[in-house]
Amino acid sequence: MSVEVSASTYWTGFKTILIKEVTRIVRIWPQTLIPPVITMTLYFVIFGSIIGRRVGEMGGIDYMEFIVPGLIMLSVITNSYGNITSSFFGAKFGKHIEELLISPLPPWIILAGYVSGAIFRALVVGFLVWLVAGFFSGFHMHNVAVTLSILLLTAIVFALGGFINAIYAQKFDDIAIIPTFVLQPMTYLGGVFFSVGLLPGVWEQLALANPILYMVNALRYGMLGITDVSLGLAYFMILLFGAALGWISLMLLKRGTGLRT
Amino acid sequence: MNALEVRDLKKVYRKDVVALKGVNLTVEEGDFFALLGPNGAGKSTLIGIVSSLVNATSGETKVFGISVQKERSRAMAQIGLVPQEVNFNQFEKPIDIVVNQGGYYGVPRRLARERAERYLKKLGLWDKAFGPSRQLSGGMKRRLMIARAMVHEPKLLILDEPTAGVDIEIRRSMWKFISEINAAGTTVILTTHYLEEAENLCRNVAIIDHGDIIENTSIKHLLGKLQVETFVLDLREPNETLPEVDGIEIVQRDPSTLEASIPKSRSLNRLFRVLEEQGVEVISMRNKANRLEELFMRLVGIDEEAA
């Protein structure tokens, strides 16, 4: 009799990858959980408290309150992306990804396990930043469902993006290029610190092509009840990117790109 | 039922490097099978394809009748792999490495923990189970990979040079452990450079060279092909006259040591009779080289002097 594979094999496999990821994140908490909180605290102090006092209001609300959703989104994006690139590329570089590649687990379980680990870190960091923000500007929540769903979907989208980056990366430099040269500029230009309506003509149109703008504004709606873009369009954009990146990730994993020779 | 069936397996890497030229191989269930070959012969590529780490260019691989190419998940559930190079996360503890591997095969955590304890104890690693794995010695790391490969209790255990660079005491304890695993019903495929290991442990053997299987038979049958064996004779007293025996080539290595190359058709009695007549007293005798080693070198065309 051969050893059989069932749904419970997959479920146990998924839980194991998630436990392993969460253990890693918690074990190296000074690298994973604390730095983003310190960085965001500095943002609140400098941009919110010191400069924000001179800015006054943005979009009809206090500037300090205005930047909170954007800074939470910035933390979620960078931590979701960064977690999966460092963990998956580290496993590939150290060859222990082979433990999973020779196992009966199908590509979608491996992907789901790593993405869930990234979501865990992104949401824990997002929550910690929210606590810090509460200290500076008080706790605001306009719509809990929109807030949580947008944070979750954004974490998934950027985890998938990070996964694709890790698949193609051959050295550690390769996992630093996209966060530095693509993600950070897109996030800063995605309306974290300003309302897109302040941009002159063509720049406003260009900004609307930035998917992060929709994520930041949808979260701003969830927390403060204001947005520069349609909420429906924001969900559509996020789901579209999530589906496309998810499909690419699965195809790459199934083909064994960068993993199997 | 065959534990492994490989049919016309080809692998061509980039730049047209041909690693496997169309390999055919069968390993029966319960066998202890040796896969031998010089470096770069295609052993690791073959194992890589069987364990799905390498994509085959063409051909088919079946594990207990399940196609690796068509039903990868089911096929992989039957296999445990001990690779040549260390491939676990060296920042993790041995216990976590073994338990997590069980999880990837669907073994519930509590059961994986029990099995991890059992195998780590059997392999003499339990006292290291909760420390950092990067501090383990080379031999311990290899034993940890064996424990990891056994946690889901596979039907086919593949070991790619498990004893390379391991001292003799540890090597013998690993042989004992693997023999017990085989006796309990697990089919074992072993690649090794220690031909003594293959001769002592395995029942059947395949020799691969330049991407082709050049011999696939039982160890007994293979050793039967050895036409001439060379024995080293240690003498009690230094001997000055080289004995002459019809059909046996005798060489004097030093005054107290003779080397006699004896064809299978000749009797050893004849050699000893002549030596006794000439007053030469032999105090001990041994094979010059491992018998399988002699054959292996002939089959893969390695010149002994050059080697």
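What covers the buried residues of helix α4 of chain B includes α3 (94-104) and α5 (138-150) of chain B, where a residue is buried if 20 or more other C-beta atoms lie within 10 Å of its own, exposed if 12 or fewer, and partly exposed in between, with C-beta atoms placed from the backbone. The structure is a predicted model, in which local features need pLDDT of at least 70, side-chain atom pairs count only at pLDDT 80 or more, and totals for chains, interfaces and linings use all residues. Residues are numbered from 1 along each chain as its sequence is written, while chains are lettered from A and ligands numbered from 1 in the order in which they are written. Helices (H or I, at least four residues) and strands (E, at least two) are DSSP runs, numbered from the N terminus.

- The buried residues of α4(B) are B:A112, B:A116, B:Y119 and B:L120.
- Seen down the axis of α4(B), these buried residues fall within an arc of 95°, so they line one face of the helix; the arc is that of the directions from the helix axis to the C-beta atoms.
- Helix α4(B) covers residues 109-122, and its 14 residues should span 20 Å at 1.5 Å a residue, which agrees with the 20 Å between its end C-alpha atoms. The expected span of a helix is 1.5 Å times one less than its number of residues.
- Just after α4(B), B:G124 takes a positive phi of about 70°.
- Helix α5(B) is mostly covered, with 10 of its 13 residues buried; among them are B:K141, B:R142, B:R143 and B:L144.
- From its first C-alpha to its last, α5(B) reaches 19 Å, close to the 18 Å expected at 1.5 Å a residue.
- What covers the buried residues of α5(B) includes β6 (79-82), α3, α4, β7 (156-160) and α6 (168-183) of chain B.

**Chain B as a whole**

- Chain B has 10 helices and 14 strands.
- The C-alpha trace of chain B spans about 75 × 45 × 35 Å along its principal axes.
- Of the 307 residues of chain B, 41% count as buried.
- Among contacts in chain B between residues at least 6 apart in sequence, 66% join residues at least 24 apart; two residues are in contact if their C-beta atoms, placed from the backbone, lie within 7 Å.

**Strand pairing in chain B**

- Strands of a sheet pair through backbone hydrogen bonds, either parallel or antiparallel. Here, two strands pair if DSSP finds at least two bridges between them.
- Four strands of chain B form an open sheet in the order β12-β13-β11-β14, and the pairing is antiparallel.
- Strands β12 (249-254) and β14 (282-287) of chain B stand at the edges, each with a single partner strand, so one side of each is left without a neighbour in the sheet.
- The twist of this sheet averages 25° from one strand to the next; axes are lines fitted to C-alpha atoms, for helices over the stretch in contact, and angles run from 0 to 180 degrees between N-to-C directions.
- Five bridges join β12(B) to β13(B), residues 257-263, and the two run antiparallel; B:V251 stands opposite B:E259 in β13(B).
- Strand β1(B), residues 2-13, and strand β4(B), residues 58-63, pair in the antiparallel sense over five bridges, and B:E5 stands opposite B:K62 in β4(B).
- Two bridges join β4(B) to the antiparallel strand β5(B), residues 66-67, where B:S67 stands opposite B:K62.
- The hairpin of β4(B) and β5(B) has two residues between the strands, and within this hairpin B:F64 takes a positive phi near 50°.

**Loop residues**

- B:D16 is found in the loop between β1 and β2 (17-28) of chain B. B:D16 has a positive phi of about 55° although it is not a glycine, and counts as exposed with 6 C-beta neighbours inside 10 Å.
- B:A184, in the loop between α6 and β8 (187-191) of chain B, is exposed, with 8 other C-beta atoms within 10 Å.
- The C-alpha atoms of B:A184 and B:E196 are separated by 23 Å, the two residues being 12 residues apart along the chain.
- A:K95 lies in the loop between α4 (63-93) and α5 of chain A. A:K95 is not a glycine, yet has a positive phi of about 70°; A:K95 is partly exposed, with 15 other C-beta atoms within 10 Å.

**Contact between chains A and B**

- The contact takes 25 residues from chain A and 27 residues from chain B.
- On the side of chain A that touches chain B, the elements that give two or more residues are α1 (7-27) and α5 (98-101) of chain A. The largest share of that side, seven residues, comes from α1(A).
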